[in-house]
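Please read it alongside the coordinates.

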Amino acid sequence: MKNLYLFLAVIGAVIPMTQLIPWIQSEGLNLAGSITALFASLPAAGFTLDLLITSLTFWLFIYVEIKTLSAKFIGLVLVNLLIGLSCAFPLFLYLRTAKDI
C-alpha cells in the first residue's frame with residue numbers, strides 16, 4: 001500500500017497541474033480572477049466549497065493524528081495549499097504507512 005499511496009500522491013500533483021498551469025499561463029496570477037472562476041457557476045461553487053470543507057477536515061485530522069504541530073504537519077498543510085488535497089492526502093497516508101510520522 002505504501003507505494004500505491006506514493007503513486008497516488010504523484011498523480012494527485014501532476015494531473016491537476018495539467019489544468020492549472022495552462023490557466024495560469026493565460027490568466028496570470030490574478031487572485032480575484034481565480035476566486036471568480038472558482039465560483040463562476042453553481043456546480044463550480046459546490047465543488048469549491050466541498051474541497052474547502054474537506055481540506056479543513058484533513059488539516060484537523062492530521063493535527064490530531066500527529067498530536068503536535070510538527071514540521072510534517074505544516075508541510076502537509078503547505079502541500080495541500082500549494083498543490084492540492086489530491087496530493088496531500090495520499091502523501092499523508094504514505095508517510096503514516098512508512099512510519100515517517
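1. Apart from neighbours within four places in sequence, leucine 91 is in contact (heavy atoms within 4.5 Å) with Ala9, Leu76 and Val79. Leucine 91 lies in helix α5, helices being DSSP runs of H or I with at least four residues, numbered from the N terminus. Between leucine 91 and phenylalanine 47 there are 22 Å in space, C-alpha to C-alpha, and 44 residues in sequence.

2. On provenance: this is a predicted model, in which local features need pLDDT of at least 70 and side-chain atom pairs count only at pLDDT 80 or more, while totals for chains, interfaces and linings use all residues. Residues are numbered from 1 along each chain as its sequence is written, and side-chain values use heavy atoms, with hydrogens and water left out.

3. Helices α3 (residues 42-66) and α4 (residues 71-82) pack at about 165 degrees, their axes 10 Å apart; axes are lines fitted to C-alpha atoms over the stretch in contact, and angles run from 0 to 180 degrees between N-to-C directions. The two helices are therefore roughly antiparallel (an angle over 145 degrees).

4. To the contact, α3 gives Ser55, Phe58, Trp59, Ile62, Tyr63 and Ile66, and α4 gives Phe73, Leu76, Val77, Asn80 and Leu81. Nine of these residues are nonpolar, two polar and none charged; Ala, Val, Leu, Ile, Met, Phe, Trp, Tyr, Cys and Pro count as nonpolar, Asp, Glu, Lys and Arg as charged, and the others, Gly among them, as polar.

How values were computed
Angles under 35 degrees count as roughly parallel, over 145 as roughly antiparallel, 65 to 115 as roughly perpendicular and the rest as oblique.
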